[in-house]
Amino acid sequence: MSVYETDSWVKNIGKKMAYALRHDPDKYGITLDEEGFTDLKKFLKAMNSVNGYRPKLTIEDLQYVADHSDKKRFEIAGSKIRALYGHSIPVRICKKQATPPDILYHGTAHRFLKSIRKDGLLPMGRQYVHLSEDQETARQVGLRRDSYPAILQVDAKKANEDGIIFYIGNDAVWLSDPIPPQYLKILV
Ligand code: HQG
């Protein structure tokens, strides 16, 4: 472990990695395959050249960030790396479909509720709707936008039975297609 591997170092590098792998691979001169993977060595080179890190980042640094971020955002598999969720690029990343738990949660801001009541949960800037397995995680997600977040309970079982598709993000994050309002209950 290098002296650079502090919490704030992990956070800062993780932000750049997420930006490149979720939102703007073009800026980094990398291409994502249909599952969001890109070549790890090319990604490392791009991270160093675009962000000018000194000393230069190493593969081990990227692995360290992937392993020590507060959430499991990245996956390194052999010679490839990807972001597991959160993408906003125009070409939709293919995620694995799965049967969700009966209930999922979504944390958001109260100011969005009027629109969510009308239109349901939409992916907005991202490719999928993001859902949490427990209320506390949903609260943390909602806290990014509201100091007293709204928590929505999603009847994932019924939605899935009715044909709405759910996908695996990581162990804690579920992804889905839009969720119409009849499957949502506002808890707080
Ligand atoms: C809201 C973070 C109005 C939605 C988190 C949310 C997550 C609507 C916002 C991941 C709406 C989109 C994703 C509608 C949904 N009208 N607003 N009909 N439908 N919204 O950031 O779920 O730290 O794109 O409620 O932890 O907040 O980056 O989605 O407030 O897992 O790894 O539109 O990002 O992970 O916001 O967060 P976002 P999200 P990381």
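Student: Leaving aside its neighbours within four places in sequence, which residues is Leu 62 in contact with?

Tutor: A quick word on the ground rules. This is a predicted model, in which local features need pLDDT of at least 70 and side-chain atom pairs count only at pLDDT 80 or more, while totals for chains, interfaces and linings use all residues. Residues are numbered from 1 along each chain as its sequence is written, and side-chain values use heavy atoms, with hydrogens and water left out.

Now to your residue. With neighbours within four places in sequence set aside, Leu 62 is in contact with Met 17, Leu 40, Phe 43, Leu 44, Leu 57 and Ile 76; contact here means heavy atoms within 4.5 Å. Leu 62 also belongs to the largest nonpolar core, a set of 24 residues, and is among those with the most contacts inside it, along with Ile 13, Met 17, Phe 43, Met 47 and Leu 57. A nonpolar core is a set of buried Ala, Val, Leu, Ile, Met, Phe, Trp, Tyr and Cys residues joined through side-chain atoms within 4.5 Å. For exposure, buried is under 20% relative accessible area, exposed is over 50%, and partly exposed is in between, using a 1.4 Å probe and protein chains only.

Two or more residues of this core come from each of α1, α2 (40-51), α3 (59-68), β2 (74-77) and β3 (80-83). Those labels are DSSP runs numbered from the N terminus: helices are H or I with at least four residues, strands are E with at least two. The biggest giver is α1, with seven residues in the core. There's a second, separate core too, with 17 residues, including Val 129, Leu 152, Ala 159 and Ile 164.

A few loops are worth a stop on the way. Between α2 and α3, the loop holds Pro 55, which is joined to Arg 54 by a cis peptide bond with omega of about -5°. The loop between β2 and β3 contains Ser 79. Residues up to four places away not counted, Ser 79 touches Thr 38, Asp 39 and Leu 40, and its C-alpha sits 6.1 Å from that of Asp 39, 40 residues apart along the chain. Then there's Glu 35, in the loop between α1 and β1 (38-39).

Stepping back, the protein is divided into domain 1 (7-83) and domain 2 (103-186), with bounds from an automatic or database domain assignment. Their C-alpha centres lie 27 Å apart. Both domains give residues to the lining of the largest pocket, so that pocket lies between them. The pocket's volume is about 1,200 Å³, where grid points are joined across faces, edges and corners and volume is the space filled by probe spheres set on the points. A pocket is an open set of points on a 1 Å grid over the protein atoms alone, where a 1.4 Å probe fits, with protein on both sides within 12 Å along at least five of seven lines; lining residues have an atom within 4 Å of a point.

There are 44 lining residues, with Lys 71, Arg 126, Val 141, Arg 144 and Arg 145 nearest the centre of the pocket. Here α1 turns up again, giving the largest share of the lining, nine residues.

Leaving out residues within four places in sequence, Ser 132 is in contact with Leu 104, Tyr 105, Thr 137, Ala 138, Val 141 and Ala 172. Ser 132 counts as buried because its relative accessibility is 6%.
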